Amino acid sequence: MSELVQITTLDDAKKAVEEVRLKQAELEKSATEAKNTLTEDFKKFDKLVVEIARQKKELNKLRKSLTGFQGHGENVQALKDQLIPVHASLKSLHQQNTPETGSIFVRLFLGEVNVKQYRDGERFRLKQEYERFKRKTNPQFLMFVALGYFFPKSHLLLIIWQIWLLYYYITLALRENILRVNGSTIKPWWIIHHYLSMSGSLTLLLWPKMSPSFIETLHLFLFFSGAQGLVQILINRYQQGQLYKLVAMGKANMMDVPGESEGWINDPGWTPSAAVLFPFLVSVQSTQLYIAYRMMRIWIGHPEWQVFALGLIFFALGTGNLITTLRTYLHKWRSYHNISKKKM
């Protein structure tokens, strides 16, 4: 039915109703045909997955049998060399097409379901939603810190803040695990980092709010959370622009995320922005180590398990973050000098 048709009489209305009924019948027929086509395609796809598994098994058996030949060194090596591209192609097919349920962490929340997306648009949407979540939540670090300084004795506010931290890190870890299944090369350290942060948030939540040790260290955690939120806002702005450049240069794929993917190590840019961000990063990560030191000192006088656990968690976070940051910047510096030498 055309949108321009004006219904002015009863006959026009009857005609319009008949057109809508016919259109609905056509849509139902098209939907049934599309569903049947999808069913057939999925049957073919299931068959493909079985064939990939069979080919993988046969290839492994063949490669193993080749190692048993004696006295045919060059010929055997030539055959092994021929199997290298076959193995690489099969690995790629397996990664792209085999359904995956993700890590144990994902299965705890979603069960034994396939979390792999096969349409490029849907996979890219997963990444966009992940980045959107980080952009929207980073300012909330600053909001909770401000409220915490204004109302330090509000136990309800502190509990809401700690529940929000737990939600934030669980959501990041869950989304990052699903992104890895769908082709993102997020470094394992960052997922481990969010597991540790999750544990730290839960420990904070379980820490009695009237405990002298909690009251003594609250300002430290508020300061760190505020600094972390501010630095994350600055870093995300810089890394987003750099990632677009890397994707355009073919040094990162479209599923990589700012700052946390393997492709990020390919960024050779020792830019002024990167240099400015470096002291902020090191300061925040050094603060984590300082908090770990303070926790252990406080634990001597207040032997609560929360104090000891947070000391260990912050030590692991500070050490891992500092090593990752220094390695990344060292690579940037070396790449920058190599490029400068080639231009001379």
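Tutor: Let's start with glutamine 306, which is in contact (heavy atoms within 4.5 Å) with Thr203, Leu206, Trp207 and Pro208, leaving aside its neighbours within four places in sequence. Before we go on, please keep in mind that this is a predicted model, in which local features need pLDDT of at least 70, side-chain atom pairs count only at pLDDT 80 or more, and totals for chains, interfaces and linings use all residues. Residues are numbered from 1 along each chain as its sequence is written, and side-chain values use heavy atoms, with hydrogens and water left out.

Glutamine 306 lies in helix α9; helices here are DSSP runs of H or I with at least four residues, strands are runs of E with at least two, and both are numbered from the N terminus. With a relative accessible area of 7%, glutamine 306 is buried. On this scale, buried means under 20% relative accessible area, exposed over 50%, and partly exposed in between, using a 1.4 Å probe and protein chains only. A polar atom of its side chain lies 3.2 Å from the backbone oxygen of leucine 206. The side chain of glutamine 306 also makes a polar contact with the side chain of tryptophan 305, at 3.4 Å. A polar contact is a pair of N or O atoms within 3.5 Å; within protein, one must be able to donate a hydrogen and the other to accept it, and residues adjacent in sequence count only if both atoms are side-chain atoms.

Now let's step back to the whole chain. There are nine helices and zero strands, and from the N terminus on the elements run α-α-α-α-α-α-α-α-α. Of the 344 residues, 38% are buried. Among contacts between residues at least 6 apart in sequence, 73% join residues at least 24 apart.

Aromatic rings give us some examples of links along the chain. A pair of aromatic rings is described by the distance of the centres and the angle of the planes. Rings of Phe, Tyr and Trp (its six-membered ring) pair if their centres lie within 6.5 Å; planes under 30 degrees apart count as stacked, over 60 as edge-to-face, and the rest as tilted. Counting this way gives 17 aromatic pairs. One of them joins phenylalanine 141 and tryptophan 164: their ring centres are 5.0 Å apart and their planes stand at 80°, so this pair is edge-to-face. Because phenylalanine 141 belongs to helix α4 (residues 120–150) and tryptophan 164 to helix α5 (residues 155–181), the pair ties together parts that are 23 residues apart in sequence. Phenylalanine 141 is buried, at 0% relative accessible area, and tryptophan 164 is buried too, at 9%.

A second pair is formed by phenylalanine 278 and tyrosine 329, which is tilted, with 4.7 Å from centre to centre and 55° between the planes. It links distant parts of the chain, 51 residues apart: phenylalanine 278 sits in helix α8 (residues 272–301) and tyrosine 329 in helix α9 (residues 305–343). Here phenylalanine 278 counts as partly exposed at 27% relative accessibility, whereas tyrosine 329 is buried at 8%. Ring pairs also link Phe133, Phe141, Phe144, Trp164, Tyr167, Tyr168 and Tyr169 into a cluster.

Let's finish with charged side chains. The structure as a whole has eight salt bridges, each a side-chain nitrogen of Lys or Arg within 4 Å of a carboxyl oxygen of Asp or Glu. One of them joins lysine 127 and glutamate 131, with the closest N and O atoms 3.7 Å apart. Because they are four residues apart in helix α4, about one helical turn separates lysine 127 from glutamate 131. Lysine 127 is buried at 4% relative accessibility, and glutamate 131 is buried at 9%. Another salt bridge brings together the side chains of arginine 294 and glutamate 216, 3.8 Å from N to O. Since arginine 294 is in helix α8 and glutamate 216 in helix α7 (residues 212–248), this pair ties together parts that are 78 residues apart in sequence. Arginine 294 counts as buried at 19%, while glutamate 216 counts as partly exposed at 35%.
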